[in-house]
Amino acid sequence: MEKLLFYLLTLSICIGACKTKAPIKESNRQKSDFFFPIDWVGVYQGELKVYDAIGQQSTIAMKLTIQQPDATGMYPWIVQYGEKDLRYYGLEAIDATKGHYAIDEYNSIKLDAYLRGNNFISAFEVQGNTLLFQYTKTAIGIDIQVSINKVEPQSESGGEIIGKNKIPIVKSFELKSFQKATLLKIE
């Protein structure tokens, strides 16, 4: 009996210590109306609209394909812009219980991303710009929003004492570009 208890205890510790790239479905049940990434698997298509200070500057055909996990546990995450611009990434669960994932660009770049509700969000800095990507799963597809702003603040305010309150310093950033797309599930 003691050997059986020892074996079961050891087995449960080993199972608990294993790190998997596959998401844990039950942990996502409370966070989202959709299981991530299982319910997100599919092919989505639509138009990406690009805006700057003047207004809408362009529209680009966009397709997002999220596939079942491959042999390594990565979910292929393929983005296509226009006819020929294909970008192959891999979605990896870092800690699905905390909604922490990574997008592997397969070129030494891995971008952290987080599931919050039905929103899959990644923020990163590259070449003097901060990009904020937000994918939102809906009943008919995926909405995408991308904000691009300068890393350096445009202005700074606050930092004063008013009455007994010390006002915090607040930095504002120039929004260079905003992009959005509604991609409908086609497969």
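Helices (H or I, at least four residues) and strands (E, at least two) are DSSP runs, numbered from the N terminus. The model discussed here is predicted.

Q: What is the mean pLDDT of the chain?
A: The pLDDT expresses the predictor's confidence in each residue, from 0 to 100. In this chain 83% of the residues reach 70 or more. Over residues 1-31, however, the pLDDT is below 50, and beyond near neighbours in sequence this stretch has 32 contacts in the model. The mean for the chain is 86.

Q: How many strands form the closed barrel?
A: The barrel runs β1-β2-β3-β4-β5-β6-β7-β8-β9-β14, with antiparallel pairing. On average, neighbouring strands of this sheet are turned against each other by 25°, direction ignored. The number of strands in the closed barrel is ten.

Q: How many bridges join β1 to β14?
A: Strand β1 covers residues 42-51 and also runs antiparallel to β2, residues 56-66, with ten bridges between them. Strand β14 covers residues 175-185 and is likewise antiparallel to β1. Across this pair, L48 stands opposite A181 in β14. The bridges joining β1 to β14 number six.

Q: Which residue takes a positive phi in the hairpin of β1 and β2?
A: The bridge partner of G46 in β2 is M62. Between the two strands of the hairpin lie four residues. The residue with a positive phi, near 140°, is G55.

Q: Which residue in β7 is the bridge partner of Y114?
A: Strand β6 (residues 110-116) and strand β7 (residues 119-126) pair in the antiparallel sense over three bridges. In β7, the partner of Y114 is I121.

Q: Is N149 buried or exposed?
A: N149 is placed in strand β9, residues 141-150. Leaving aside neighbours within four places in sequence, its contacts include G128, N129, T130 and F173. A residue counts as buried under 20% relative accessible area. Because its relative accessible area is 17%, N149 is buried.

Q: Which strands each supply at least two residues of the lining of the largest cavity?
A: A search of the whole structure finds one cavity of 30 Å³ or more, and about 30 Å³ of space lies in the largest cavity. The residues that line the largest cavity are L48, M62, Y81, F133, Y135, I144, V146 and Q179. The strands that each supply at least two of the lining residues are β8 (129-137) and β9.

How values were computed: Residues numbered from 1 in each chain as written. Predicted model: local features only at pLDDT ≥ 70, side-chain atom pairs only at ≥ 80, totals over all residues. Heavy atoms only, no water. Pairing = 2+ DSSP bridges. Contact = heavy atoms within 4.5 Å. Axes fitted to C-alpha atoms, helices over the stretch in contact; angles between N-to-C directions. Buried < 20%, exposed > 50% of the residue type's maximum accessible area, 1.4 Å probe, protein only. 1 Å grid on protein atoms, 1.4 Å probe; cavity = no way out; pocket = protein on both sides within 12 Å on 5 of 7 lines; lining within 4 Å. Points joined across faces, edges and corners; volume = space filled by probe spheres on them.
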